[in-house]
Amino acid sequence: MDFEGLRFFGFFYQVMGIDYGVMRKILQIKLLMDQRRAPSVLINSKHKDEENTFYKSLITYGLMGAFFAIIMLLPLPMFLKMNLIIGMLIFMITMTMVSDFSALLLDTRDKEILLAKPIKPQTVNAAKITRILINFLTITFVMAGPSLIVGLFKYGPLFLGIYFLDLLLISGLILFLTSLLYFLMLLFFDGDKLKDIINYMQIILSFVMMIGYQFTGHIMSYIDYNIGFVFKWWMYLLPSAWFAAPFSLILENRAENHFLYLSLIGVIVPMLLLIIYFGAVIKYFEKNLYKLDKVTAKKRRTVEKRAILYQKLISPFIPNNLENVFCRFT
Amino acid sequence: MNTEPVVTIKDLKMRFGSKEVLKGINLEIYSGQIIGYIGPNGAGKSTTVKILMGLVDRYNGQIRILGEDISNGKVEYKRKIGYMPETVEIFENLTAYEYLTFIGEVYGMSLEQVNNKAKKLMALLGIEDVYHSRISSYSKGMKQKLLIISSLIHNPEILFLDEPLSGLDANSVMIVKEILAELARLGKTIFYSSHIMDVVEKISNRIILINEGQIVADGSFDELKEKSRKGSLEQIFNQLTGFNRHKEIACEFINELQGV
């Protein structure tokens, strides 16, 4: 993979005491591995071991993006429309982050190999963060790309500008939320549980995708094109509303107070969260990560008891021992 | 031979939570030594090696490698060290070519140089035909050979190996044993951990036995034999770790199996 653009940032890395050449090599290797990893949107497909599964998943994300672009064309109020699109974007990206990027965020095992080499820990961390950012921004912009282009043609370059800035802020917010989610889970659960939860996220993701596809065809006929838009206080709680507000505020010239406040929240909150994240959370986060590798030897007596009880309950129905076992583990 | 120790460990202590894993290790290692580091599971062997490699911090005590205190945060000393981890699990999606050239380049070798070297070393160990295959398709022995190559490719002065011979067939074991012996003759230092006592007995010229975070024996096999008056390293191991219940445990195990 080529990332010439990074050369421009080389200087910044050097200033931060990071060995840019080595970081680039680590990044190259990691991105190569990412391309070969089967992402969870494609987890059911058969070509698991093939090359370029990453690009194939990008096509899937692109299709989703095309769906968002269709919404863009509908004659709905701007605020509602953007709310819908951004809400879906946030949901999809968060889910992808949680299910696919857990491998990147929580990758502590590579330290044993990398840090045994003459590489500074800062360089390894910088490579890790850059890798996450590259993957994450790629997915974000592939998903948002189609609606971005459609919007550009329909509403002009100002739209593009707002949308672009919005996306950056949204990325920050999602990065924070995902990390926070992991952080909380690591605080309360051990590594096994966390892996379970990541699996649940993957299941939810594929479930939503499935339903989403079913709906795509039908949704156009259900939409009532005459819904008016009424502002409600609870919209302040919707992140998608924060990011949708600037469109109404600037593009439609609706200088209403709530649009202004919403837009401000949308700018301030992600910024604040990112500052908190890089300032404080990330340190505790790394400290808790070691839990992932540790095998916790908790007493799981309740699990055993429950299994025995379950077996007793079910044995009248399934007397065959072998079938019984399969039933218990499904 | 150089009389200055290559590695000096002074009063090394380490605790994980409330558990004290290392309770004061003192050790001096000289160049040209092949040291077998043995001990029961969980005795603190790999923790020691990880601390030496700078992978674990918050330890107490002083460690000097090649004359430099490793707690100063510099990573340059690692250039002269080869470390063989337990697995390459995370890099399994790569081919041997990609992995080895990456490792070599990190050590500052040029791509061409490391590529040639890697190819030849792979050929010598009989795995050249999988040079461009994914590591995930390798057998256990092939992975082990790859790990050995990756830890040696930059021609280090000191080698830390974790179970270097596990999974290898008898012929490969002989090759690797010979390589280690030859490296030691060239003045390199080899520090390895193993559970195969016969191997340790034969190839080490110094054996360090660690139990519950402390060194309980240190010396050549002959010295250990003399001290403990036992015939094999296995028996010495059992004696020094205070383990003599193997028969009882085996009996109980069989009883439990047959009781169902």
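Buried, throughout these legends, means under 20% relative accessible area, with exposed over 50% and partly exposed in between (1.4 Å probe, protein chains only). This is a predicted model, in which local features need pLDDT of at least 70, side-chain atom pairs count only at pLDDT 80 or more, and totals for chains, interfaces and linings use all residues. Residues are numbered from 1 along each chain as its sequence is written, chains are lettered from A and ligands numbered from 1 in the order in which they are written, and side-chain values use heavy atoms, with hydrogens and water left out.

**View 1. Strand β8 of chain B is covered on both faces.** Helices (H or I, at least four residues) and strands (E, at least two) are DSSP runs, numbered from the N terminus. Five of the five residues of β8(B), residues 189-193, are buried, so the strand is largely enclosed by the rest of the structure. Look for T189(B), F191(B) and S193(B) on one side, with I190(B) and Y192(B) on the other. Two strands count as paired if DSSP finds at least two bridges between them. Strand β3 (residues 34-38) of chain B runs parallel to β8(B) and is joined to it by four bridges. Strand β7 (residues 158-162) of chain B also pairs with β8(B) in the parallel sense, over five bridges. F191(B) is a handy landmark here: I35(B) stands opposite it, and it is the bridge partner of F160(B).

**View 2. Four strands of chain B form an open sheet.** Strands of a sheet pair through backbone hydrogen bonds, either parallel or antiparallel. In this sheet the order is β2-β1-β4-β5 and the pairing is antiparallel. The edge strands, β2 (19-29) and β5 (68-69) of chain B, each pair on one side only. Two bridges join β5(B) to strand β4 (residues 60-65) of chain B, and R64(B) stands opposite D69(B). Helix α1 (residues 45-52) of chain B packs on the sheet, touching β1 (7-16), β2 and β4 of chain B, and its direction makes about 115° with that of β1(B). Contact here means heavy atoms within 4.5 Å.

**View 3. Helix α1 of chain B is largely enclosed.** Six of its eight residues are buried: K45(B), T47(B), T48(B), V49(B), I51(B) and L52(B). After α1(B) comes G54(B), with a positive phi near 75°.

**View 4. Helices α2 and α3 of chain B cross right-handed.** Two packed helices are described by the angle between their axes and the distance between the axes. Axes are lines fitted to C-alpha atoms, for helices over the stretch in contact, and angles run from 0 to 180 degrees between N-to-C directions. The axes of α2(B) (residues 96-106) and α3(B) (residues 111-124) come within 9 Å and cross at roughly 130°. The two helices are therefore oblique to each other (under 35 degrees is roughly parallel, over 145 roughly antiparallel, 65 to 115 roughly perpendicular and the rest oblique). A crossing is right-handed if the near helix is turned clockwise from the far one by less than a right angle, and left-handed if anticlockwise. Among the residues that meet are L100(B) and T101(B) in α2(B) and V114(B) and A118(B) in α3(B).

**View 5. Helices α7 and α8 of chain B cross left-handed.** The axes of α7(B) (residues 221-228) and α8(B) (residues 233-240) come within 10 Å and cross at roughly 55°. That makes α7(B) oblique to α8(B). F221(B), L224(B), K225(B) and S228(B) in α7(B) meet L233(B), I236(B) and Q239(B) in α8(B).
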